[in-house]
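Here is a chain with its model.

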Amino acid sequence: MGTRSGAQRDAITVEISYALVSGGFVAILLYLGLYAPVRYFDLPRGFALVAGGLAGLTFVVRVVHVLWRFPRGAAQGTELGRSVTGRPVNDRSFADRPENDRPGGGPGPDQPSQPGRTSPDS
């Protein structure tokens with residue numbers, strides 16, 4: 001297991017944050033949905049404890065479910081054949097890619113020779 005890049009660490013951090021926030025949101029909604037009848041109908045305190053227990057269990061289940069589905073390849077820099085940065089994963093360098101196989105090695109007709117600059121006659 002080697003070191004992770006910044007993009008890989010960011011992907012893991014975002015996934016953990018999403019799991020915690022979505023788990024909290026679902027647990028709060030469940031708790032309020034179960035606790036509202038207890039408050040409205042003046043039911044015994046045991047119903048409120050059950051609502052809290054189910055909400056806590058729902059939080060744990062949601063967090064585990066989200067993190068379990070997180071692709072292991074994303075933590076290693078790849079996900080379904082693409083890197084975390086969105087570039088295709090392959091062993092070819094930039095210069096070896098087919099779009100750079102042009103005579104003279106320069107940019108194609110649809111790209112400016114110097115990006116960011118305009119020609120004088122435009």
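Q: What makes two rings an aromatic pair, and how many such pairs are there?
A: Rings of Phe, Tyr and Trp pair if their centres lie within 6.5 Å. By this rule there are two aromatic pairs. The model is a predicted one.

Q: Why is the pair of Y31 and Y35 called stacked?
A: The ring centres of Y31 and Y35 are 5.3 Å apart, and the angle between the planes is 10°. Planes under 30 degrees apart count as stacked, so with 10° the pair of Y31 and Y35 is stacked.

Q: Where do Y31 and Y35 stand relative to each other in helix α1?
A: Helix α1 covers residues 6-41, and Y31 and Y35 are four residues apart in it, so about one helical turn separates them.

Q: Are Y31 and Y35 buried, partly exposed or exposed, and how do you know?
A: Buried means under 20% relative accessible area and exposed means over 50%, with partly exposed in between. Y31 has 29% relative accessibility, so Y31 is partly exposed. Y35 has a relative accessible area of 25%, so Y35 is partly exposed as well.

Q: What kind of pair do Y40 and F41 form, and why?
A: The ring centres of Y40 and F41 lie 4.9 Å apart, with the planes at 75°. Planes over 60 degrees apart count as edge-to-face, so the pair of Y40 and F41 is edge-to-face.

Q: Are Y40 and F41 buried or exposed?
A: Y40 has a relative accessible area of 66%, which is over 50%, so Y40 is exposed. F41 is at 55% relative accessibility, so F41 also counts as exposed.

Q: Why is α1 called roughly antiparallel to α2?
A: Helix α2 covers residues 45-69, and the axes of α1 and α2 come within 8 Å and cross at roughly 160°. That makes α1 roughly antiparallel to α2, because angles over 145 degrees count as roughly antiparallel.

Q: Is the crossing of α1 and α2 left-handed or right-handed?
A: The crossing of α1 with α2 is right-handed. By class, the contact of α1 with α2 has 20 nonpolar residues, five polar and two charged.

Q: What is to be noted about the phi of D42, and where is D42 found?
A: D42 is not a glycine, yet its phi is positive, at about 55°. D42 belongs to the loop between α1 and α2.

Q: How do you know whether D42 is buried or exposed?
A: The relative accessibility of D42 is 70%, which is over 50%, so D42 counts as exposed.

Q: What makes S22 a buried residue, and which residues does S22 contact?
A: S22 lies in helix α1. Its relative accessibility is 12%, which is under 20%, so S22 counts as buried. Leaving aside neighbours within four places in sequence, S22 is in contact with R62 and V66.

Q: What makes L34 partly exposed, and what does L34 touch?
A: L34 lies in helix α1. A relative accessibility of 33% is between 20% and 50%, so L34 is partly exposed. Not counting residues up to four places away in sequence, L34 touches A51 and L54.

Q: Why is T58 partly exposed, and which residues does T58 touch?
A: T58 is in helix α2. At 23% relative accessibility, T58 is not under the 20% that buried needs, nor over 50%, so T58 counts as partly exposed. T58 touches V26 and L30, not counting residues up to four places away in sequence.

Q: Which elements does the protein have, and in what order?
A: There are three helices and two strands, and from the N terminus they run α-α-α-β-β.

Conventions:
Residues are numbered from 1 along each chain as its sequence is written. This is a predicted model: local features need pLDDT of at least 70, side-chain atom pairs count only at pLDDT 80 or more; totals for chains, interfaces and linings use all residues. Side-chain values use heavy atoms; hydrogens and water are left out. Rings of Phe, Tyr and Trp (its six-membered ring) pair if their centres lie within 6.5 Å; planes under 30 degrees apart count as stacked, over 60 as edge-to-face and the rest as tilted. Buried means under 20% relative accessible area, exposed over 50%, partly exposed in between (1.4 Å probe, protein chains only). Axes are lines fitted to C-alpha atoms, for helices over the stretch in contact, and angles run from 0 to 180 degrees between N-to-C directions. Angles under 35 degrees count as roughly parallel, over 145 as roughly antiparallel, 65 to 115 as roughly perpendicular and the rest as oblique. A crossing is left-handed if the near helix is turned anticlockwise from the far one by less than a right angle, and right-handed if clockwise. Ala, Val, Leu, Ile, Met, Phe, Trp, Tyr, Cys and Pro count as nonpolar, Asp, Glu, Lys and Arg as charged, and the others, Gly among them, as polar. Contact means heavy atoms within 4.5 Å.
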